[in-house]
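Work through the following exercises with the model open beside you, and try each task before reading its solution.

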Amino acid sequence: MEENKEFAKEFVDSVVSVRRVTKVTKGGKQFSFSAFVVSGDGKGRIGIALGKSRDVSSAIAKATVRARKSMFDVAIRGTTLPYMVKGRHGANHVVLCPAYKGTGLIAGGAIRAVMKAAGIQDVLAKSIGPSGCGINLVKATLNALAKGRTASRIAQLRGKTIEQVVKGSHGIQSA
């Protein structure tokens, strides 16, 4: 039992939205809830999920378990992103810019939840689009984070060393 508590402490969970859903049948209305949760380990792994149930607490619990199972890695450089990335989902566009250490999370509610769960502490984020739907903003943010790559991954794809990739990115050419 204590192992489960310690295991749960290492995750950062955030409930983005809880909605009451009504199913109308011949016998009357049946109420249920859907919960959208963002979960991360604070070290560059993040997952999202939707859980549905008759009561709120079990919907959140289902979503949390599913989010922890569907985690994937995102590129982090120190406490920020390696470079500026843009993402979109539906009509929502998100721009994520790296920031200097100490800047903090300058982001709206749904984007802030994703950044905290991923362990990103310094970032400038802007949501561009007509919709403020939290679920679409989270998916657009994840789309942007999935585009980010670490220097070692870029070096591996190009068949070069990390020093060659980093040296070339600053405009310094060796003779």
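**Exercise 1.** How many salt bridges does a search of the whole structure find?

*Solution.* This is a predicted model, in which local features need pLDDT of at least 70 and side-chain atom pairs count only at pLDDT 80 or more, while totals for chains, interfaces and linings use all residues. Residues are numbered from 1 along each chain as its sequence is written, and side-chain values use heavy atoms, with hydrogens and water left out. With a salt bridge taken as a side-chain nitrogen of Lys or Arg within 4 Å of a carboxyl oxygen of Asp or Glu, the search of the whole structure returns 2.

**Exercise 2.** Characterise the salt bridge that R68 forms.

*Solution.* The partner of R68 is D13, and their closest N and O atoms are 2.4 Å apart. The pair links distant parts of the chain, 55 residues apart, since R68 belongs to helix α2 (residues 56-69) and D13 to strand β1 (residues 12-25); helices (H or I, at least four residues) and strands (E, at least two) are DSSP runs, numbered from the N terminus. As for accessibility (buried under 20% relative accessible area, exposed over 50%, partly exposed in between, with a 1.4 Å probe and protein chains only), R68 is partly exposed at 23%, and D13 is partly exposed at 36%.

**Exercise 3.** Which residue meets D73 in a salt bridge?

*Solution.* The side chain of D73 meets that of R45, at 3.3 Å from N to O. Here too distant parts of the chain are linked, with D73 in strand β4 (residues 72-73) and R45 in strand β3 (residues 45-53), 28 residues apart. D73 is exposed, with a relative accessible area of 56%, whereas R45 is partly exposed at 32%.

**Exercise 4.** What is the order of the strands in the open sheet?

*Solution.* The sheet has 4 strands in the order β1-β2-β3-β4, with antiparallel pairing, where two strands pair if DSSP finds at least two bridges between them. Strands β1 and β4 stand at the edges with a single partner strand each, so one side of each has no neighbour in the sheet. Between β1 and strand β2 (residues 28-40), which run antiparallel, there are 13 bridges; D13, the salt-bridge partner of R68, has S39 as its bridge partner in β2.
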